[in-house]
Amino acid sequence: MKDEHSLIFWFEDLGRSDGDKVGGKNASLGEMVSQLQASGVQVPSGFATSAAAYWFFIDHNGLRKKLTEAMANLKKDYSNLAEVGGAVRKMILKGTFPGPLAEAISQSYRDLALRLERDDPDVAVRSSATAEDLPEASFAGQLESFLNVRGEQDLLNTVQRCYASLFTNRAIAYRENNGFDHMEVALSVGVQQMVRSDLSSSGVMFSIDTETGFPNITLITGAWGLGETVVQGMVDPDEFHVFKPLLDIDGVRPIVDKTLGQKARKMIYGKGKSPTKLLDTSKQERATFVLDDDEVLQLARWSSAIEKHYGQPMDMEWAKDGETDALYIVQARPETVQSRKEAATLKSYHMKEEGKRLVTGLAVGDSIAAGKVLRLESPDEIDRFEDGAVLVTGMTDPDWVPIMKRASAIVTDRGGRTSHAAIVSRELGLTALVGAGNATEKLKSGQMVTVSCAEGDEGVVYEGELEFEERALDLSDIPETRTKVMLNLANPSSAYRWWRLPADGVGLARMEFIIGNMIKIHPMALVRYETLKDKATRRRIDQLTLGYRDKSEYFVDTLARGMARIAAAYHPKPVIVRMSDFKTNEYAGLIGGAAFEPKEENPMLGWRGASRYYDEGYREGFALECRAVRRAREEIGMDNIVIMIPFCRSPAEADKVLAVLAEEGLVRGKHGLGVYVMAELPSNVFLAEAFAERFDGFSIGSNDLTQLVLGIDRDSDRLKNLFDEQNEAVKMAIADLLEKAKRSATPVGFCGQAPSDYPAFARFLVDHGIDSISVTPDSFLAVKQKIAEAELTQVPSSEYEQSKEPAQ
């Protein structure tokens, strides 16, 4: 049994129930050391001073009454906050250690040195408040930590500085705002073996997606050197997403996303009075990930073990020792934002008009806000700030919080998703864009802007106050339907956003979105890079493929992880990925594409879809697509990916495509691979039985089917009033396909907006036995409701034919 009056506790003698003795942070370290090290989670050795030690120091110096009186003088408007805080900190820093406490800390430091077999070991010294890391109280960044502390006297001085940090201006304001009595909160100091990440890397890890609350993802960020650069948002870190449910499956490596950060600076050991210093990173460091795949997966497994042990999503800090290459968890605390969100509602934001892009960066959350820019260099400029303005600055630390609370949105030059600006913005529910790079140069105080984080991972600052829509989706009462309702998704970066929707999978994931928006390079320009003559094109390709020795690998890796990220959002439900379906003019618009594409009078009916896949002009490019699918399914583990062939004109062409797929290792039925075909040509309807013999399912592409049945160019403004998916000829084609598919038990899905726009069309599909309907996420609930209503009064297709309206 622990003595509550003890001055020192070793981590292995602590557990998470000891927050009243050593604060939440140190209690959590003790819990991991005592309970998780046996299962492989590595935590550096150390000890903690107790809350009793803090009060011993306070009472030894006669400060309890003085602190109470000083805090009683704090004005409600905080106008004398700096004066009160400064006076209190001065009292603490002038104090002296009682002999027994000084000796207890010194002896524990000497004992730690013996454990580590080092003289005067370098240690990390971190503050841990007794009210910290409770679900309702996130003290993130409020208290001080110190790195590379060495020697007994230096340690005592640092412990005293930690005590004083309980009364920083920001910590005082935080307790006032959250109803904590200043004299009821004590401070424990953790003294921990310093992991030599100054010679390697470190970062932050969450066992939940920080932007959407998607629980199946571990998010890891990291940079070179000590972790303060990541925590404080000084750098744009590398970022990794790992799909947790597949971590224990042999033979798969479920890293669904890897993003190389700029990592422009790193913090390393300093000398003398400056224990740390900042340096610029080398070109090689900026071009290299801070962790290899094995290390990413190891950290993710530890994250899952820690989350399982605590029974809740966790926020952790990790470090890699540059002397031993060993990985460590140096902190773990409950995640306090996404895990506490109301699950019954989902807010959806949508830009209703386009504007000029001024700045882009990493989106924090998925909201939109507009306001007047106020560019500040220091939190001392709080008097200049106006409520509802858009705060623009280089980076933030806890001193900025009083200003952030008054802002409508925040934009920073530096920082990643786990930086201070990002974490606090989530807690406050603010629209935030971090890591913009040049926001303080591009945005001027006084100009009106709209900050959008509703377009995926990339946040955008638009010029002017643009119109946007905010909708609340009620998830508490969604009807059950026999017809599957799936989603149309294209952007991998927004896939997690819709995980709470009870969709039956993804009915259409467009590969060309990933190619056009993330890869940006024509695959043949990578395969035949040496033949490119345009120097500007080669330079752009060199920039995008930085870090890849094989330029084709850039295409395969980016495409594989893009598909995997979409598939992860609904795993193990099916995710149907359509192989590339650019038209030649669209392919030509990709970097390096003009050299490999013919000029066609009517690309809509030209060299597109299936006809490209076996043609020597694109065969090598299609091989890269196939390699990416195999990697996503077999290496990353997303075997719920189904592939779909677009614009397949005949059964003979289908045979050619299936043969090419097999040559590339994608054999229909092998490893559970399903291959669908788009039903978007009249030939697909007329020869449905033959296509059904070759494919596992149909997906009706209503846009192309409508234009080809009616002979209307869907891009023609003059003919747009004639373009009608509900035309009887189009509906007859759909009904015919459904009838033929039913005879061969081949599933048929429908991709398009018509069911959400026209209830009668939804009823038509249901009456004819459609198996699934795939819609955009924001129309999911409306379509689900319409399908449920249609199923209640479903008319058999034979009766429907007798009662249908006359042809137009």
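Leaving aside neighbours within four places in sequence, which residues is Met-563 in contact with? Select Met-563 and look for Met-511, Ile-514, Val-577, Ala-628, Val-629, Ala-632 and Ile-641; contact means heavy atoms within 4.5 Å.

This is a predicted model, in which local features need pLDDT of at least 70 and side-chain atom pairs count only at pLDDT 80 or more, while totals for chains, interfaces and linings use all residues. Residues are numbered from 1 along each chain as its sequence is written, and side-chain values use heavy atoms, without hydrogens and water.

Next, show the whole protein chain. It has 29 helices and 30 strands (DSSP runs, H or I of at least four residues and E of at least two, numbered from the N terminus). Of its 808 residues, 59% count as buried (under 20% relative accessible area, 1.4 Å probe, protein chains only). The C-alpha atoms fill a box of roughly 95 × 55 × 50 Å along the principal axes.

Last, select helix H28, residues 780-792. Its buried residues include Phe-780, Leu-781 and Ile-787. The buried residues of H28 pack against strands S22 (468-474), S23 (484-489) and S30 (772-775), and helices H26 (754-757) and H27 (759-767).

Technical notes:
Expected span 1.5 Å × (residues − 1). Buried < 20%, exposed > 50% of the residue type's maximum accessible area, 1.4 Å probe, protein only.
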